[in-house]
Amino acid sequence: MLPFLLQWLRDLFSALLSSDPPIPHPTEIPPLTSEGYETLFLQLTEGVACGWQRSQLLDRLGVRQHDPWFVAWLQRYGKNLLRQSPQSLNRNFAEQMVRLGNLGCGELGEISASLGRRLLAMGDRQAQTQSAPTPLAQTLESDNPLELFDYGVNLYKLGELEGALSLWRNALEHQPNFSEAHNACGVVHYALRQWPEALGCFDQVTVAEPDFSLGYFNRGHVYLELAQLEAAIADFTAVIRQDPDLHYYSYLRRGLAHLHRGQSTEALADFNQAIALQPTLPEGYQGRGMVHYALSDPEAAIAAFTTALKADPNSHDAYHHRALAWQALGRYRTAIEDLTEAILLHPNFYQAYYNRGNSYLELGDWGKAIANYKEALALKPGYVLAHNGRGVALTALGQYEAALKDFQTALELEPDFWPAWANRGWTMYASPSLGPTVALQNWETALNELQQTQRERALALGTLAHYSGLAFAQVAQNQPTQARPLLERAIAAFQRSLEWLQDQPGLETTYLQVITDLIVSYQRTGSILNTKNNLNIALLILNQLQLNSQSLAQKRHLLHQFRGLYQLKVEQLSQALDPKQRLQALELAEERKNLLIESQLNPHWTGQAIPSPNAVQMNRLLNPETAMIHWQISPASITVFILLQDQPPILLSGHYDQRLGLQRWWERWSKQWETHRQRSGNPEENQQWFHDLWPQLAELAKLLDIASILDRLPPEIVQLILVPHQELHLLPLHLAINHPQFDHPPYEIAYLPSVQIGLDLVDPDQSPGKSGELPLLTVAGTGSELGAVGLEVTVVQQYFASRPLEPGQGTRSQVLAALEEPVQIFHFAGESFWNGTLAAESGLRLGDGTILSLTDLQGLTTPVPALVCLSGHSLHFPADFELELEGLALPTFFLKRGTMDVVVSLWPGTEGSTMLLMGRFYEALKQSTTPAIALSQAQQWLKTLTYGQLLQHYNQLLSHLQDASPRCLEQLKLARDLTQEKAQRQGESFSPYEHPYYWGGFILLGLPY
């Protein structure tokens, strides 16, 4: 050990004293040709093989050790090396690449070593799947069929398939019923993909020797390749009856045949049998995952593939299939991680590059999508799927000519590849030089060209006609004077699409997508009868699909995917002249809302409908001073139900342009909010959302026709219960209603995810504002600054007897244990969030950085607190965001479990304003005010708070919190001093928190009284 340490110190000492020449700038290093870099790299590896040390290596490299072009060349060279077959791998060269990197020559050496290790790993995996080669036997002259057979086996092991086949045929000439020889010939034909010949050989085996199970086993594989699935199942069943030694693989293969036939139940049973026989092997779990994926149950598929990966961490197929399941959930970033692992394990895996491109495409990262499609095409030239995907990405970038070239290439390779025809039409539609007319011509040409194609004929023709209809419908939006004839042409195209899709097994969901667009078009033209008839047909098909669903995940998926059909039904009923049908519209809207909530938040949901209130029961939430506004958004319009005590619902029906305007407004709002949340480097971009907040909400109020809603409210109404729908759950509707443009006193407003949840809360004796001292649990999680949340909980704790969990104490297990104890108020200061793509991953970010998820909270066994306050709650709208829930996951969960009131923010305010608002909220709550009124008073107080009043407030806090931690007191003093400085500059009468950004994001879910 000592000599090594001394040598290391000597080297370090020399390095400190050496005077190396300055490193040249990259632009000062003239690049070599590719041949020149290859020659130099080979010299380096040869030198390493001869025993070069680091000094010799650096001498030979010279200035090239700083050459960025050399690094770029090596990366390209390495990709080509990784694309070679494992059989042609030069192991010595790979080892030399690793040693070169270990000598230390910067980035060049790191890349060399990494490539070398990956090449060696490829070789190791190949070696594990191949037996040692058998020495080449001498030429054999024999009439003995057994000798000929054995000699053929030796040639087969050497890969000389034709020679082996010749010898086995010779053996059969001497012994025609030689079953092993027939079987061996069939194996060679199978390897050469000569299916009829292989089938003939295995037929001979089963005829000559009916008990020879290997013949049935191998013939089953040929039937699988020929997609003769029933015959394959019969052969594997025969093997299962005859040969226990082949049970495991026969169950696997039979399960695969059942899966391809769409017999999911039988397939799952076979894969489970395989797992029972060999629980430590991965293939059964992979098969199980494929069945769950086919059943639209991606969560179960992911669990199965994860188990397969535990059994075989190097299975690139398992990573690939799991990535497809992540994609089905909309988890594209997670899918990319799995696809990257698959590529590292199998660098020639072109399908993984293609699917990684698809994930980037869904995320809107067009550049990376194109790069992955390019890699897939480099590995498999002529891969039409990659040409098609790259064309879509290029279209998104506005590179229409390049996109059209990709689609043209795909069609030259496969003229009946209909997705290229379909996507080329949208590229033409978007291109300024081509436009909708050319796009429609493209789709019509495709319909004529593909009439005779047998591959996916119904889907191809149905989709192309569907796209034509969508194009006419979109053009109608921009040409209002021609809207009627354009919509009629859209209707004709949709009907044409349905004719091809009708009664086609497996295309029911595609049929429903098209008929939904047809119904919307009929709605836009005012064709009530056609709307009603087609809607009834669609709902019959949807209900049948749900009845036939083989998993709860599939039921959930259908419920979410086609919720628009029931929304259209609500709209149709709301427009009826019969008052009973108008009541049915409200009740159906509420029923579907509760069903969606139940399916998403109840882990024990069985797929059944749940009780939902009628209009009379809804009236229990109302009083002379309280009204309810219940929104319903369909693909065609927006319907508003206004409920007043003991009166029939007032209905306000919208129109398609209103719905389209809200959709565009929402897309702009969410994009601007996400930019603001991420705090880009552009100060103007950071401030845009802040400055545009009031104007944006004024536009929202106009889109929702808030003025007409307010006109229907009697003057005695002072409280509103808002029941939003879809994206309205994520918007500050209270600010749009109490907007300064309207001349009315501010309403006290509370939100409910559904009326049923409100009815479950009608029990005023449990309200936390009705008693004196309340046990309060405070938890300080993470925020942008840990001290700020600590100060917030310190301020909150002064009003009620409390059990605090400080930042260092609030671990996942500690918080769950604290919530299992009786508590009336739970205040979480820090980041909590709703994952709109996967509800179960919504949660609270604790002080140690871990997540207390919705799944964790669902495991609580004791009653939940009566009041929950998540002061740092926020909503994120990432690129893979999907709006799946009827209501915010965390607040709705607490309400369904019995919490009376939940306070959350739609966006987090500043740390100082949040602390002030929460303190005032609890001060009002202490005075036996209801939570809804307490929040309203706190918001009004913060809005009008002047610098002078704020200074007095800070001094009061400092006097009341003398026992607080030194850090909290220091923060309070700092805040007071900063306020004093600002007051001197702007005046003590200035209100720093007047803007709704500081207080307007906070809402209360519960009842307003």
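Trainee: Which residues form one aromatic cluster?

Mentor: Please bear in mind that this is a predicted model. The cluster is made up of W665, W669, W689, F690, W907, Y993, Y997 and Y998.

Trainee: How is a pair of aromatic rings described?

Mentor: One states the distance of the centres and the angle of the planes. In the whole structure, a search finds 32 aromatic pairs. In one of them, the ring centres of W426 and W443 are 4.9 Å apart and the planes stand at 65°; since angles over 60 degrees count as edge-to-face, this pair is edge-to-face.

Trainee: Which parts does the pair of W426 and W443 tie together?

Mentor: W426 belongs to helix α23 (residues 418-430) and W443 to helix α24 (residues 436-449), so the pair links parts that are 17 residues apart in sequence. W426 counts as partly exposed, with 22% relative accessibility, whereas W443, at 0%, counts as buried.

Trainee: What type of aromatic pair do W689 and W907 form?

Mentor: That pair is edge-to-face, with 5.1 Å from centre to centre and 80° between the planes. W689 lies in helix α34 (residues 683-691), while W907 lies in the loop between β12 (901-905) and α43 (911-926); the pair therefore ties together parts 218 residues apart in sequence. W689 is buried at 3% relative accessibility, and W907 is buried at 2%.

Trainee: Over which ring does the charged end of R424 sit?

Mentor: It sits over the ring of W421, 4.8 Å from the ring's centre. The charged end of R524, in turn, sits over the ring of Y656, 4.0 Å from its centre.

Methods. Residues numbered from 1 in each chain as written. Predicted model: local features only at pLDDT ≥ 70, side-chain atom pairs only at ≥ 80, totals over all residues. Heavy atoms only, no water. Phe/Tyr/Trp six-rings, centres within 6.5 Å; stacked < 30°, edge-to-face > 60°. Helix = DSSP H or I, 4+ residues; strand = E, 2+ residues; numbered from the N terminus. Buried < 20%, exposed > 50% of the residue type's maximum accessible area, 1.4 Å probe, protein only. Lys NZ or Arg CZ within 6 Å of the ring centre and 35° of its normal.
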